[in-house]
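Subject: Structure for you to look at

Hello,

Here is the structure I promised to pass on. Please open it next to this email and follow along.

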Amino acid sequence: MFLGTHTPRLDDKGRVTLPARFRDALAGGLMITKGQDHCLFVFPRAVFEEMADKVAQAPFTNEAVRAYQRYLFAGTDEQRPDGQGRISITSDLRRYAGLAKDCVVIGAISRLEIWDASAWERYLADHEDAYAQAREEVLPGVF
């Protein structure tokens, strides 16, 4: 389970060091893809494969399904962390997420998310009230 907030820096080669506590779960490989809200999603390979199977089973005769499949799969990069826990982020993915030097890596249960630090701060500010006012309709059975 991925939890917490970490603040690594993107190096000059476009690499980010993953938090040490997550490295074992990602040692077998990981998939980086465009997430929603202009962040990057980082999935353990096995989790991504399960999700990809479900997405692939959706009816490709539906235009929205085809668009989602194309966007998800065309923007995915497979990585294996190096001995120091670093992964390379392609220039396309860095551009999509607006990644500069300062990044934020957050745990989101089954995945990590990589955000530009400024974008993450804006996201938190923009969504804090909605989080504080979450009701049963948002998360049935939780509250």
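Which residues form one aromatic cluster? They are Phe 41, Phe 43, Phe 48 and Phe 73.

Before the details, some ground rules. This is a predicted model, with local features needing pLDDT of at least 70, side-chain atom pairs counting only at pLDDT 80 or more, and totals for chains, interfaces and linings using all residues. Residues are numbered from 1 along each chain as its sequence is written, and side-chain values use heavy atoms, with hydrogens and water left out.

Aromatic rings

A pair of aromatic rings is described by the distance of the centres and the angle of the planes. Rings of Phe, Tyr and Trp (its six-membered ring) pair if their centres lie within 6.5 Å. Planes under 30 degrees apart count as stacked, over 60 as edge-to-face and the rest as tilted. Searching the whole structure gives eight aromatic pairs. One of them joins Phe 41 and Phe 43, and it is edge-to-face. The centres are 5.9 Å apart, with 85° between the planes.

Phe 41 has a relative accessible area of 11%, so Phe 41 is buried. Phe 43 is buried too, at 5%.

Trp 120 and Tyr 123 give a stacked pair. Here the centres are 5.8 Å apart and the angle between the planes is 10°. Both residues lie in helix H5 (residues 117-132). They are three residues apart, about one turn of the helix. Helices (H or I, at least four residues) and strands (E, at least two) are DSSP runs, numbered from the N terminus. Trp 120 is buried, at 12%, whereas Tyr 123 is partly exposed, at 26%.

Charges over rings

A charge sits over a ring if NZ of Lys or CZ of Arg is within 6 Å of the ring centre and within 35 degrees of the ring normal. Arg 111 lies over the face of Phe 41, 4.3 Å from the ring centre. The charged end of Lys 34 sits over the ring of Tyr 71, at 4.8 Å from its centre.

Salt bridges

Side chains of opposite charge can pair when their charged atoms come close. A salt bridge here is a side-chain nitrogen of Lys or Arg within 4 Å of a carboxyl oxygen of Asp or Glu. How many salt bridges does the structure hold? There are eight.

Asp 102 pairs with Arg 9, and their closest N and O atoms are 3.0 Å apart. This pair links distant parts of the chain, 93 residues apart. Asp 102 is in the loop between helix H4 (91-97) and strand E7 (103-108). Arg 9 is in the loop between strand E1 (5-6) and strand E2 (15-17). Asp 102 is partly exposed, at 40%, while Arg 9 is exposed, at 52%.

Asp 12 and Lys 101 meet at 2.6 Å, N to O. Asp 12 lies in the loop between E1 and E2 and Lys 101 in the loop between H4 and E7, so this bridge ties together parts 89 residues apart in sequence. Asp 12 is exposed, at 73%. Lys 101 is partly exposed, at 35%.

Glu 78 bridges to Arg 45, with 2.4 Å between the closest N and O atoms. Glu 78 is in strand E5 (residues 77-79) and Arg 45 in helix H2 (residues 45-57), so the pair connects parts that are 33 residues apart in sequence. A network of salt bridges links Arg 45, Glu 49 and Glu 78.

A buried leucine

Look at Leu 26 in helix H1 (residues 23-26). Leu 26 is buried, at 0%. What does Leu 26 touch, not counting residues up to four places away in sequence? Its contacts (heavy atoms within 4.5 Å) are Phe 2, Leu 18, Phe 43, Pro 44, Pro 81 and Leu 112.

Cysteines

A disulfide is a pair of cysteine sulfur atoms within 2.5 Å. By this rule there are zero disulfides. For Cys 39, the nearest cysteine sulfur is that of Cys 103, 12 Å away. Cys 39 is buried, at 0%, and Cys 103 is buried, at 2%.

Best wishes

Methods
Buried means under 20% relative accessible area, exposed over 50%, partly exposed in between (1.4 Å probe, protein chains only).
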